[in-house]
2 protein chains.
Amino acid sequence: MFTHSEENYLKTIYHLELDSEKGISTNAIAKQLETKASSVTDMVKKLSEKEVVIYKKYKGVTLTAFGKKTAANIVRKHRLWEVFLVEKLNFSWDEVHEVAEQLEHIKSPKLINQLDAFLSFPTHDPHGDPIPDKNGNLKTIEKSLLSTLQKNECGICVGVDDSSSEFLQFLDKKGIILGEKITVLEKEEFDDSLQISIQDKKLSISNKIANNLYIKKA
Amino acid sequence: MFTHSEENYLKTIYHLELDSEKGISTNAIAKQLETKASSVTDMVKKLSEKEVVIYKKYKGVTLTAFGKKTAANIVRKHRLWEVFLVEKLNFSWDEVHEVAEQLEHIKSPKLINQLDAFLSFPTHDPHGDPIPDKNGNLKTIEKSLLSTLQKNECGICVGVDDSSSEFLQFLDKKGIILGEKITVLEKEEFDDSLQISIQDKKLSISNKIANNLYIKKA
DNA sequence: ATAAATTTTTAGACTAACCTAAAAAATATA
DNA sequence: TATATTTTTTAGGTTAGTCTAAAAATTTAT
């Protein structure tokens, strides 16, 4: 079994591994967890003894198969709880992260299986991120940044890259909702801003926004 | 804010105070928490500094008003989660305690308020124990042990004294369910066993069982 | 390729929450 | 009431997880 803290390290390494290929550096982990590199070194040694990571001094860490499965399970719990909070308890998508950070550490396989069923086996969390299955496998869909669409192309809005509450609230205000179809009406060369239509509304969004929204090409 | 461990101490003191009147002894707390008296002394000093208990050396502890409210809130969370597990996730009443022990430490007022509403503001947990309200107030109903009923008297089964999974599973096996009417058909002087009827079934139960079942006199 | 800068590790210290063993206080008993 | 027993506290130690500061290894730049 893993402690609260060990689980946080595993989850962080898991997320960092998803976009990096190479071993994860001590500093990268420290930055993500808002802790010191020396603390990371200590913990990484312990995780290595528990056989969830491979660690060679000065070389960073990689998850073992066991570590990956363990980490995916924590992410699975996090995302299932997020769905629960939004679907059943009327949380908005910018409020769920903190609470899910706590709930993800609850240890009870039955709880998670039943929750999964209660939620009708969701495949994605409220931000569009995929929920790992019981074996820790992620089904990654081919998604692109909205900024890659050309004029007159369209796609379904499927996720966000930045899931800070500021950004999510901004999307709420603009009326940009996951699952809706977005069409690019104009693309401004000057500042890469876009004129888009969503749900029969037209709106103009900056490149920064378009770089944080994922769409599935239709 | 209180740590996991501090919350467990508060909850324990709260429960012990419910049937004792006097200050709670170091040993009583240690026994309940399966820890050592010296550990209790340490923690009790810390709780006293945080103004949730009154502590005088060698005299035991009592909760302050603030401590009582804090503790009641933990109990409230525990019992609401138990209702959730039974009502929504198909746990049986003998499986919920362990998981609720973890869930009760989740910190999010909104979560608990929404959960309360989602469950339609339940007043009792699956074992018949009352759920403290938002202000930490408990509505205690007048209940009696089944063993105090005389021949031909009856009552509604409203709770259990022993909520060990062994006892709860035993009740399941016998078909004794909270909310049902129980009538005492015979009372055996020799061993204080009872012949009762519940849901049109007749069954014989020992004094030990009758001493662990609460009924509300009709 | 050597020096400078950065990253990582080590060494030593701190806090929370526990422990054991011994001392002190309270309570029970003769 | 004096003594024995029990309860509680104190003193000192342990472990997990963190920290700072210094040393060592690696990487970058000249």
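These are my notebook entries on a predicted model with chains A and B.

**Ground rules.** I number residues from 1 along each chain as its sequence is written, and chains are lettered from A and ligands numbered from 1 in the order in which they are written. Local features need pLDDT of at least 70, side-chain atom pairs count only at pLDDT 80 or more, totals for chains, interfaces and linings use all residues, and side-chain values use heavy atoms, with hydrogens and water left out.

**Entry 1: the two chains.** I began with how the copies relate. I superposed them by least squares on the C-alpha atoms of residues with pLDDT of at least 70 in both. Which residue of chain A comes closest to the rotation axis? I found Leu103(A), with its C-alpha at 3.8 Å. Next I checked the interface, where contact means heavy atoms within 4.5 Å. The copies meet through the same surface, because 100% of the interface residues of chain A are also interface residues in chain B.

**Entry 2: domains.** Domain bounds come from an automatic or database domain assignment. Chain A is divided into domain 1 (4–63) and domain 2 (144–217). Taken over C-alpha atoms, the centres of these two domains of chain A are 34 Å apart.

**Entry 3: the largest pocket.** I worked on a 1 Å grid over the protein atoms alone; a pocket is an open set of points where a 1.4 Å probe fits, with protein on both sides within 12 Å along at least five of seven lines. Grid points are joined across faces, edges and corners, and a volume is the space filled by probe spheres set on the points. The largest pocket holds about 1400 Å³. It is lined by 43 residues, and His15(A), Leu16(A), Leu18(A), Arg79(A) and Asp129(A) are the closest to its centre. Lining residues have an atom within 4 Å of a point. Which element gives the most to this lining? It is α1(A), with 8 residues. Elements that supply at least two lining residues each include α2 (26–33) and α4 (65–87) of chain A. Helices (H or I, at least four residues) and strands (E, at least two) are DSSP runs, numbered from the N terminus.

**Entry 4: the sheet in chain A.** Two strands pair if DSSP finds at least two bridges between them. I traced an open sheet of 6 strands with antiparallel pairing, in the order β3-β8-β4-β5-β6-β7 (chain A). Its edge strands, β3 (144–145) and β7 (201–205) of chain A, each pair on one side only. I then looked at β4(A), residues 154–160, and found 5 of its 7 residues buried (under 20% relative accessible area, with exposed over 50% and partly exposed in between; 1.4 Å probe, protein chains only). β4(A) runs antiparallel to β5(A), with 3 bridges, and pairs with β8(A) over 5 bridges. Ile156(A) stands opposite Lys181(A) in β5(A) and opposite Lys216(A) in β8(A). Gly159(A) faces Tyr214(A) in β8(A).

**Entry 5: β6 in chain B.** β5(B) and β6(B) pair antiparallel over 5 bridges, and Val184(B) stands opposite Ile196(B). Their hairpin has 6 residues between the strands, among them Asp192(B), with a positive phi near 60 degrees. β6(B) also pairs antiparallel with β7(B) over 5 bridges, where Gln195(B) has Ser204(B) as bridge partner. The hairpin of β6(B) and β7(B) has 2 residues between the strands, and Gln199(B) in the turn has a positive phi of about 50 degrees.
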